[in-house]
Amino acid sequence: MSDHHTSIVSEKTNPADSKELAEKVINFLTEKKIIKKELSDCVLGSNGHKPAENFASILEKQNEGFLDLRTNGVEVIIERKVFENGVNGLEKVNCPKCGQNQIEEDWGTALANWYEKFDSDLIKCSNCLSESSITEFNFEPNWAFGDFGLIFWNWGIFKSEFFTELEKLIGTELKIVYGKV
């Protein structure tokens, strides 16, 4: 069985505010007993927060056997990250100006430049010749770029109200990325 993840990302968060925002969200989720406060080995590659007794309150449908999985926690990201969809692959990388699919272009350099905070993360569209930041392109399936995010490992399908509640708490629009490894 492969592991599935749902990333909830604020692309507009100031990097300097990521740690404070993470504490605010963790406190919110622990007060509602959705996650446990203490960290444990429940996510891939780092520590995360295990589900608490009210975890199901934010789900439309939980993954069967989810609580028995070793990887079933919430990972909190407070550094620059490309939140991608794993092995789901990419179908399109559309220009934000003209909508033309640019998946065949060399967007890998722009992606690396964004991640490393180099001067130019621009891609020139081969159709309309406009230049745009890699973060402005429309990835299908969704990708997100940010300095703050939550990755829920193997939880299931979330209620849309949960995303709305988090947007109000965080104060920015959120982008949702579904993936699997």
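**View 1. Lys33, just past the end of helix 1.** Just after helix 1, Lys33 adopts a positive phi of about 60°. Helices here are DSSP runs of H or I with at least four residues, strands are E runs of at least two, and both are numbered from the N terminus. This is a predicted model, so local features need pLDDT of at least 70 and side-chain atom pairs pLDDT 80 or more, while totals for chains, interfaces and linings use all residues. Numbering starts from 1 along each chain as its sequence is written, and side-chain values use heavy atoms, with hydrogens and water left out.

**View 2. Helix 1 and what covers it.** The 14 residues of helix 1 (residues 18-31) should span 20 Å at 1.5 Å a residue, and the end C-alpha atoms agree, sitting 20 Å apart; the expected span is 1.5 Å times one less than the number of residues. Buried residues (under 20% relative accessible area, 1.4 Å probe, protein chains only) of helix 1 include Leu21, Ala22, Val25, Ile26, Phe28 and Leu29. Among the elements covering them are strand 2 (35-40), strand 5 (74-77) and helix 3 (160-170).

**View 3. Lys12 in its loop.** Look for Lys12 between strand 1 (4-10) and helix 1. Lys12 counts as exposed because its relative accessibility is 63%, and the cut-off for exposed is over 50%. Glu165 is 153 residues from Lys12 in sequence, with 17 Å between their C-alpha atoms.

**View 4. Lys175 in strand 14.** Lys175 belongs to strand 14 (residues 175-180). The Lys175 side chain gets to the backbone oxygen of Trp143 at 3.2 Å. Beyond neighbours within four places in sequence, Lys175 has contacts (heavy atoms within 4.5 Å) that include Ser7, Val9, Glu11 and Asn142.

Technical notes:
A polar contact is a pair of N or O atoms within 3.5 Å; within protein, one must be able to donate a hydrogen and the other to accept it, and residues adjacent in sequence count only if both atoms are side-chain atoms.
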